[in-house]
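Try each one before reading its solution.

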Amino acid sequence: MSVGMPIAALWPEPSAGPLDDAALAALYGRPDRPHLRMNFVSSIDGAVTVDGYSAGLSGEPDKRVFGLLRMLCDALVVAAGTLRHEGYRAVRLDERRRGWRRAHGLAEYPTLVVVSGSLDLDPAHAAFADAPVRPVVLTRADAAVPPGLTDVADVVTCGADRVDLATGLAELRRRGLDQLLCEGGPHLFGALTAADLVDEVCLTVAPLLAGPGPGRITAGDPGPVRHLPLRHVLAAEDGTLMLRYARD
Ligand SMILES: NC(=O)c1ccc[n+]([C@@H]2O[C@H](COP(=O)([O-])OP(=O)(O)OC[C@H]3O[C@@H](n4cnc5c(N)ncnc54)[C@H](OP(=O)(O)O)[C@@H]3O)[C@@H](O)[C@H]2O)c1
């Protein structure tokens, strides 16, 4: 298992040395119940992007945990906005991570799930056209399905005039997709928080001050404040912190 830039645990138990991928995977784990995990990276001062993209925040340690979390999930949930803006590719994992999945009785690749109210989605987009597993699109009944989309994805209606996320997640679980990893973006996170569907937040804090301008990792209408207990703190040699918060 690769080590790369050393990442060590600080809390609750400091690790004796750098954590390899097996140790990191064990720390994040796959809970034994249906679970929605969010994964975001932010600057110290709370920015969700640098120059409009998350890439400016994401160093090697974040990329490593990002890949590991993909390895651990049944489905990767992403908002259409982030899919379009960040130029998502089809979800691919290297042979080592596919081997890990096979050894743990999982499908070789996680299923991509796209949340879109408008269905402004291009079936030729690489995330659909090159997908190793047929993606799922969660949408609302009154959205017009673009030609060709049902050739490359299962389009699932959940809600009449808006996407009912609780219904959508229940449908994913009905398909055996229990461990959900959501990579955002901010509007989807805000809506999932408002619906009280978030079980875990994995937050990488990049050692950067982005300054005023960029948004936060959450967006949309205000909702109730929710408490999420801290579960672990990891630190990489370059000062990146990786925080994991989860419900009991
Ligand atoms: N730092 C990070 O970790 C991170 C992670 C992800 C994204 N980002 C950044 O966030 C920005 C994108 O944010 P964004 O404001 O576009 O938010 P977003 O949540 O990525 O996308 C919003 C769009 O996604 C769909 N969507 C989201 N929530 C929905 C809901 N509850 N119901 C129905 N559709 C929903 C809608 O698509 P339709 O228009 O198709 O209806 C909506 O217009 C980019 O700059 C990206 O780089 C950063």
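**Exercise 1.** Which side chain meets R175 in a salt bridge, and what is the N to O distance?

*Solution.* A word on the basis first: this is a predicted model, in which local features need pLDDT of at least 70, side-chain atom pairs count only at pLDDT 80 or more, and totals for chains, interfaces and linings use all residues. Residues are numbered from 1 along each chain as its sequence is written, and side-chain values use heavy atoms, with hydrogens and water left out.

Step 1: apply the criterion, a side-chain nitrogen of Lys or Arg within 4 Å of a carboxyl oxygen of Asp or Glu. The partner of R175 is D154, at 2.9 Å from N to O.

Step 2: R175 sits in the loop between α7 (165–174) and β7 (179–182), while D154 belongs to strand β6 (residues 154–157), so the pair links distant parts of the chain, 21 residues apart; helices (H or I, at least four residues) and strands (E, at least two) are DSSP runs, numbered from the N terminus.

Step 3: check accessibility. Buried means under 20% relative accessible area, exposed over 50%, and partly exposed in between (1.4 Å probe, protein chains only). R175 is partly exposed at 32%, and D154 is partly exposed at 25%.

**Exercise 2.** Is D32, which forms a salt bridge with R33, buried or exposed?

*Solution.* Step 1: the closest N and O atoms of D32 and R33 are 3.5 Å apart. Step 2: D32 has 75% relative accessibility and therefore counts as exposed. Step 3: R33, with 38%, is partly exposed.
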